[in-house]
Amino acid sequence: MNEIPRWNLNALFSSIDSPEYKNALAEFTAGMENLESLLESARTFIKSAGENFDFPVWLKGFLEADNAISSLATTLNAYAYIIYSVDTTNTAFLNNITDVDNLMLRYRQIDLGFKNILLANSGRLGDFYARFPEFEEYRYILNETLEETKHQMSAAEENLAGELQQTGGDAWDRLHEQLISNLKDSETGKTFNELRNDAYSADAKTRKLAYQKEIALLKQNEIAFAACLSNLKGETLTLNRHRKWQNPLDRSLASARLSKNTLDALISAIEESLPMWREYFKLKADFLHKNGLTESTDKNGLAFYDLFAPMNTHAVVEHVETTHDGYSETTTNGHSEFISESLLSKNWTFDEARDYIIERYSSFSPGMGAFAKKAFAENWIDAEVRAGKVGGAYDEDFPLGHQSRIMTNFTGAFSDIITLAHELGHAYHFSCMKGKPVAFFSYPMTLAETASTFAETIVKQDMISKCTESEKIQILDLDLQDVSQVLVDILCRFYFEKSVFEEREKGELNASDFCRLMRNAQEKSYGSGLNSERHEYMWAVKSHYYSTGLDFYNFPYAFGQLFAAGLYARYQKESASFAKTYAELLSNTGNMSCEDLCAKAGFDITKKDFWQSGIEMYAREVAELKTLVK
């Protein structure tokens, strides 16, 4: 039997009842009391001493004290979640999350107090850096904090807004979640999420029927969904106005540490690539039609429900088996013998997955390979599928001991190899930051997917080079399918959300308005790549539209995808020498803007050329797929 591991957490805490865990909670609490005391002393000195208050000395002391406990804060918060995520029925773990959340709320209140004192004394920061040059590297983070603080309301207003959001924006978000998660088709008994998963089915009838039922369920609930979205966006616009944001995109750019010039260059590059993506969609549509793999009667592009249809050569082998057209292998039950031996179709053991990823990581960089070997050897990965464990996969990083843990559900499928490579990429990113202050471990979402996507690319490109021609069709399609979602569909979401905010400024929006705006966005992005069977209710499906935390939760994914692809193109030119540049780039992601980070590594992301270099790799894949299909 293939032995699939559970992780070992002893290097963190042996349990929530252990003395070391209780000591960590006590140390964190005492550390917060110390910070609260420092805040109170600052307020007292500001009142009594005025300009004689030695702010630089106080700031140095506060940052040192905060650094001492912030690693505990991050570690405790992450530990509380990961132990619960693999045992969701454990009441003790759930209660522990609540206890840690309460501590984190207190920590956030301390942070708010610090920001106000920093803003009030911002004119003295020059003296602080001059007297304590070792804190020069904090300059970007402190300036960023000041900018954030300028967009805060008064403490009383922020506290009130936070309380009201629980019954406002957060409540609308929860209502959307509850509606979606409880939708069920009365005929088949399938939940909404099960119908969504049918989009990946190899059976054409299943895909189309699921699509029709999905839209019917959304239409039945369109009034409630529209109320959720209209009120959420209305709340955002109101709060942004009081917080002095010109528009929601400005707030998202600040959070992403990205300039408008860079975003414009990125969007422009994606827009210029749309003809190539539409060619891919039409190529796939033709393939499905010619091989009887679609239920769509409209041949003018791809049906929306066929976007994730597998270009399954198994089905083609069965279709042409009697003609032996291009297939000389013996077939059994419709499968060619070579398929069972390929990287794509084989049933991987966990040990095989481990060895393959270590080998692929090492081919790029010995250091990256050694890191992967350590992660596997020290049992950082919980891969076993079992009851009570959440689905999907994630990476959690722990400043305490500078280590990571990865949760995944390993079944031996090809996709599991990609998932493992992806999550280990996140962990490698964190390993490159070792030795940095804890304050620098937080990086924007634009850069968060860089290392993981790069790691995926290393594995995918190797698999593409090793697959047989018939299976290369499938893996190229899988890659292009994923990337087209991150670029074309993300662009569609960007267009849609931008238009929603523009129209919501003028008044309430209903379901008909949202459907109209979604149709317009799909036409601008997918265009002729899709046929007449589209999905005007996608606004009701995507949960990120309903998030109160951040608007335009879309373009950072496109950034990450093309940034990683651009780096991979650079690696292909420079070969092994690029590994050092790459590791250094990852190490600096927490304390500078995206533009400064990339300039330091030697490229300019404010220019469209950089983004086009990433797209070129996928243009070559489309060309190769076209040749193979012919």
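Predicted model: local features only at pLDDT ≥ 70, side-chain atom pairs only at ≥ 80, totals over all residues.

Q: Is H12 parallel or oblique to H20?
A: Helix H12 covers residues 260-290 and helix H20 covers residues 469-504, and they pack at about 130° with axes 9 Å apart. Helices (H or I, at least four residues) and strands (E, at least two) are DSSP runs, numbered from the N terminus; axes are lines fitted to C-alpha atoms, for helices over the stretch in contact, and angles run from 0 to 180 degrees between N-to-C directions. Angles under 35 degrees count as roughly parallel, over 145 as roughly antiparallel, 65 to 115 as roughly perpendicular and the rest as oblique. So H12 is, relative to H20, oblique.

Q: How many nonpolar residues does the contact of H12 with H20 have?
A: The contact (heavy atoms within 4.5 Å) includes Leu263, Trp277 and Phe281 of H12, and Leu480, Leu487 and Phe494 of H20. For the classes, Ala, Val, Leu, Ile, Met, Phe, Trp, Tyr, Cys and Pro count as nonpolar, Asp, Glu, Lys and Arg as charged, and the others, Gly among them, as polar. Next to two polar and three charged residues, the nonpolar count is 14.

Q: Which residue in E5 is the bridge partner of glutamate 396?
A: An open sheet of three strands runs in the order E3-E5-E4, with mixed pairing (two strands pair if DSSP finds at least two bridges between them). E4 (394-398) is one of the edge strands, and five bridges join E4 to the antiparallel E5 (residues 403-407). Across that pairing, the partner of glutamate 396 is arginine 405.

Q: Is lysine 244 buried or exposed?
A: Lysine 244 sits in the loop between helix H10 (222-242) and helix H11 (248-256), and has a positive phi of about 65° although it is not a glycine. Buried means under 20% relative accessible area, exposed over 50%, partly exposed in between (1.4 Å probe, protein chains only). At 61%, lysine 244 is exposed.

Q: What is the relative accessible area of asparagine 379?
A: Asparagine 379 is another non-glycine with a positive phi, about 55°. Its place is the loop between helix H16 (366-377) and strand E3 (381-382). Asparagine 379 counts as partly exposed, with a relative accessible area of 33%.

Q: How far apart are the C-alpha atoms of leucine 628 and lysine 472?
A: Leucine 628 lies in helix H25 (residues 608-629). Not counting residues up to four places away in sequence, leucine 628 touches Glu469, Lys472, Ile473 and Leu476. Although leucine 628 and lysine 472 are 156 residues apart along the chain, their C-alpha separation is 8.1 Å.

Methods
Residues numbered from 1 in each chain as written. Heavy atoms only, no water.
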